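Hi,

Here is the model I promised to pass on to you. Have a look at it first, and then read on for what turned up.

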Amino acid sequence: MKPPALDYERWDGRRLGVVARIWAISSAGLRQLWGYRFFKVLLFLAWVGGVFIATTGFLISQTLAEGGWLAELAIKGGPRAEAVVRAISALLLVYPDLLVTGFFKAIFWAHSELALLLNLAAMALLVPQLITRDRASHALTIYLSRPLTARDYLLGKLGVIIGVIMLLWTGPLLGGWLLAMVLSPDGVFFSYSLAALGVALAFNAVSLVVVSALALGVSAIARTAAKARLAWIGLWIVMSGIAAHGTVLPSWLRHLSFVSDLHLLRDEIFAMQTTLLDAAAVVPLLNPRFADDLLEAANQVGTDELGGVITMLVIMIGGALALVWGRIKPE
Amino acid sequence: MADAIIETEGLGKSYGSAWALRDVSVSIPPGTIGLLGPNGAGKSTFLKCLLNLETPTTGTARVLGRNIRSSHRESRERVGYGPELDAHIPGMMGCEYVALCGQLSGLPFRRARQRAHEMLDLVGMGQERYRSIDTYSTGMKQRAKLAQALVHDPELLILDEPTNGLDASGREYILRLIGSLRRDFGISVIISSHLLQDVERICDRVMIVANGRVIEHDTIANLKARREHVIEITPLSGRDRLVQVLEEAGHAVETLANGRLRIASDAASSNWVLELMQQHGLPPAHLSASPDALQGLFLQALATANQGGGLA
């Protein structure tokens with residue numbers, strides 16, 4: 001057999017730093033996920049959500065703004081329709097924060113429901129194998145014999161989860177909003193929807209931290225991907241069950257469910273109660289019955305359990321990270 | 001590069017009350033070093049400590065001049081490791097896996113991909129590189145392990161049982177490759193193996209570990225020089241005359257079961273036997289000086305260790 005060393009070449013080029021190495025772990029993980037059909041289905045659904053934001057935002061802006069396409073169409077319906085359109089346009093001038101921010105908050109709130117569901121599905125079926133498979137195939141030995149620490153490895157895997165959440169949640173959210181702004185007839189929609197976007201991104205960021213920490217924790221529990229998946233699905237079902245019966249359960253038990261906690265946190269961050277109360281108080285065109293309905297809705301949305309929610313989520317995140325940290329060892 | 005590729009001072013590792021590695025102090029110069037020892041001797045633990053895969057309980061170590069604790073990442077930047085375990089990153093093609101390993105050591109993506117293919121060529125892998133690594137045979141995984149250990153052009157290669165699971169031709173191929181790494185490219189290699197003939201063939205230095213201690217560490221030549229010299233002769237004809245000549249010259253001749261003649265010698269060289277045969281007009285014979293020297297040394301060192309001896 002021919003001596004094999006003839007084709008070996010030394011390499012003295014500049015080596016990239018630790019950030020590039022962590023990114024290599026994350027990008028390889030995302031490329032692997034891209035190979036799964038289920039992930040592509042989730043991506044499709046997530047971007048349908050983005051289209052929903054763009055479409056709803058477009059319809060609202062065209063209805064509210066003077067000179068908007070739908071407003072112009074309504075004017076052709078006669079003097080009564082024209083009067084309504086003029087009144088709405090006037091409201092937009094007087095209360096742009098209430099109308100634009102309120103409507104976009106409602107859109108983003110609805111979108112967060114879908115996005116959270118899709119992300120939890122991704123975490124249940126795709127993410128658990130991130131660490132489990134590495135442990136089962138002794139890949140940790142390969143990673144950690146490189147110039148990487150256990151923390152670098154964990155950050156790389158966290159990057160995969162963040163990538164998934166960005167693709168399934170943040171991307172469609174920003175994309176949909178941006179498209180709605182491009183299609184809106186007035187700059188006021190851009191300025192006043194920014195606050196709502198900030199709120200939506202804040203909830204997105206909080207969910208990202210909670211879900212990614214828990215996903216990492218669950219993926220470190222089991223030795224095989226199938227067991228990790230089962231554990232996550234089981235956890236999700238139990239947590240969702242607790243969340244669904246939240247009103248009849250004691251608050252300490254309710255807070256054990258991260259699903260319930262995330263929903264409560266969302267209500268706090270979006271503060272739909274305040275928006276509805278403001279609407280009921282200041283919109284002069286509403287009849288008293290409608291204002292009462294708004295007040296009732298606001299009271300339902302309101303929550304005073306923020307302290308318990310945050311405490312429990314912090315404990316869960318800490319516990320999950322401690323668990324995963326203990327498992328990042330070559331075997 | 002540092003004078004010694006590895007320096008340890010009082011390195012030890014315990015699991016509870018059991019010490020897998022105890023007070024190891026060595027300085028290993030560049031070269032091809034064989035790490036020998038019976039199962040459970042502490043060879044793998046020693047290697048894992050050097051790579052920070054296990055945290056040493058006591059002592060310090062420097063790899064390529066860098067302290068493994070204070071320069072955690074940097075100490076492994078120019079080190080390639082092929083573990084004994086069946087270890088790989090799952091769900092990837094062979095070429096993707098090796099390229100990713102290059103990236104993990106800091107190679108830019110394009111360079112990593114290019115070198116991955118070069119290394120897979122080097123270890124003798126063909127189109128299998130486009131198959132999922134999960135489907136590889138043991139031999140193919142061994143080759144992929146060597147490729148990933150070389151992809152980032154290390155100064156030091158640490159290989160734990162690199163020929164396990166390889167067929168005869170594959171083993172020959174990999175041993176030649178490992179042997180040429182030091183000779184042609186100056187890459188130091190540490191091989192942990194239980195195959196003494198592999199170590200004797202490609203290594204210039206040996207470290208024998210037993211009971212968690214280093215009990216021998218020297219060049220193979222020096223170790224052999226310290227040992228009783230033995231010559232094995234396979235005569236083509238005239239066996240009885242050869243035995244008579246050797247006995248008349250004052251040597252005790254032992255006839256082995258395979259027909260070879262075995263004699264103890266005071267000199268390291270076997271030239272005196274050739275001269276003796278020439279003087280007596282004996283037909284040529286195949287001579288082998290110290291044929292099982294490493295095995296003999298290994299067993300001798302183990303016996304010493306079991307009696308409580310050791311270097312460190």
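A quick definition before the strands: two strands count as paired if DSSP finds at least two bridges between them. Please also keep in mind throughout that this is a predicted model.

**Chain B as a whole**

Chain B contains ten helices and 15 strands. Its C-alpha trace spans about 70 × 50 × 35 Å along the principal axes. Of its 312 residues, 55% count as buried. Among the contacts in chain B with a separation of 6 or more, 68% are between residues 24 or more positions apart.

**A parallel set of strands**

I would start with β8(B), residues 156–160. Strand β7(B), residues 79–82, runs parallel to β8(B), and four bridges join the two. Within that pairing, Gly80(B) is opposite Leu157(B). β8(B) is also joined to β9(B), residues 188–192, by five bridges, again in parallel. Here Ile158(B) stands opposite Ile190(B). To get from β8(B) to β9(B), the chain passes through helix α5(B), residues 168–185, in a right-handed β-α-β crossover.

Are the residues of β8(B) buried or exposed? Five of its five residues are buried. That holds for both faces: Leu156(B), Ile158(B) and Asp160(B) lie on one side, with Leu157(B) and Leu159(B) on the other.

**An antiparallel set of strands**

β12(B), residues 229–235, is largely enclosed by the rest of the structure, because six of its seven residues are buried. β12(B) pairs with β14(B), residues 261–265, in the antiparallel sense over five bridges. It also pairs with β15(B), residues 285–289, in the antiparallel sense over five bridges. Ile233(B) takes part in both pairings: its bridge partner in β14(B) is Leu261(B), and in β15(B) it is Leu287(B).

Ile208(B) lies in β10(B), residues 205–210. Its relative accessibility is 1%, so Ile208(B) counts as buried. Beyond its neighbours within four places in sequence, Ile208(B) is in contact with several residues, including Leu36(B), Val214(B), Ile215(B), Leu297(B) and Phe298(B). Gly259(B), on the other hand, is 51 residues from Ile208(B) in sequence and 32 Å away in space, C-alpha to C-alpha.

Asp218(B) sits in β11(B), residues 213–219. Asp218(B) has a relative accessible area of 18% and is buried. Its side chain makes a polar contact with the side chain of Asn222(B), at 3.1 Å. Leaving aside neighbours within four places in sequence, Asp218(B) is in contact with Arg205(B), Val206(B), Leu223(B) and Arg226(B).

**Where the two chains meet**

In the interface, 38 residues of chain A are in contact with 48 residues of chain B. The two chains bury about 4,100 Å² between them, 59% of it on carbon and sulfur atoms. There are 21 residue pairs in polar contact between chain A and chain B. On the chain A side, α1(A), α6(A), α7(A) and α8(A) each supply at least two residues that touch chain B. The largest share, six residues, comes from α1(A).

**Salt bridges**

Side chains of opposite charge can pair when their charged atoms come close. The structure holds 18 salt bridges over all chains, and four of them are found across the interface of chain A and chain B.

- Asp152(A) and Arg73(B) form a salt bridge, with the closest N and O atoms 2.6 Å apart. Asp152(A) is in helix α8(A) and Arg73(B) is in the loop between β6(B) and β7(B), so the pair joins two chains. At 2% relative accessibility, Asp152(A) counts as buried.
- Arg10(A) forms a salt bridge with Asp153(B), the closest N and O atoms being 2.6 Å apart. These two belong to a network of salt bridges that also links Arg78(B) and Glu155(B).
- Glu54(B) forms a salt bridge with Lys13(B), with the closest N and O atoms 3.8 Å apart. The pair links distant parts of the chain, 41 residues apart, with Lys13(B) in β1(B) and Glu54(B) in the loop between α1(B) and β5(B). Both Glu54(B) and Lys13(B) are buried.
- Arg183(B) and Asp184(B) meet through their side chains in a salt bridge of 3.6 Å, N to O. Arg183(B) counts as exposed at 62% relative accessibility, whereas Asp184(B) is partly exposed at 45%.

Happy browsing!

Notes. Residues numbered from 1 in each chain as written. Chains lettered and ligands numbered in written order. Predicted model: local features only at pLDDT ≥ 70, side-chain atom pairs only at ≥ 80, totals over all residues. Heavy atoms only, no water. Buried < 20%, exposed > 50% of the residue type's maximum accessible area, 1.4 Å probe, protein only. Right-handed = clockwise from strand over helix to strand, strands pointing away. Contact = heavy atoms within 4.5 Å. Buried area = accessible area lost by both parts, 1.4 Å probe. Salt bridge = Lys/Arg side-chain N within 4 Å of Asp/Glu carboxyl O. Polar contact = N/O pair within 3.5 Å; in protein donor to acceptor, adjacent residues only side chain to side chain.
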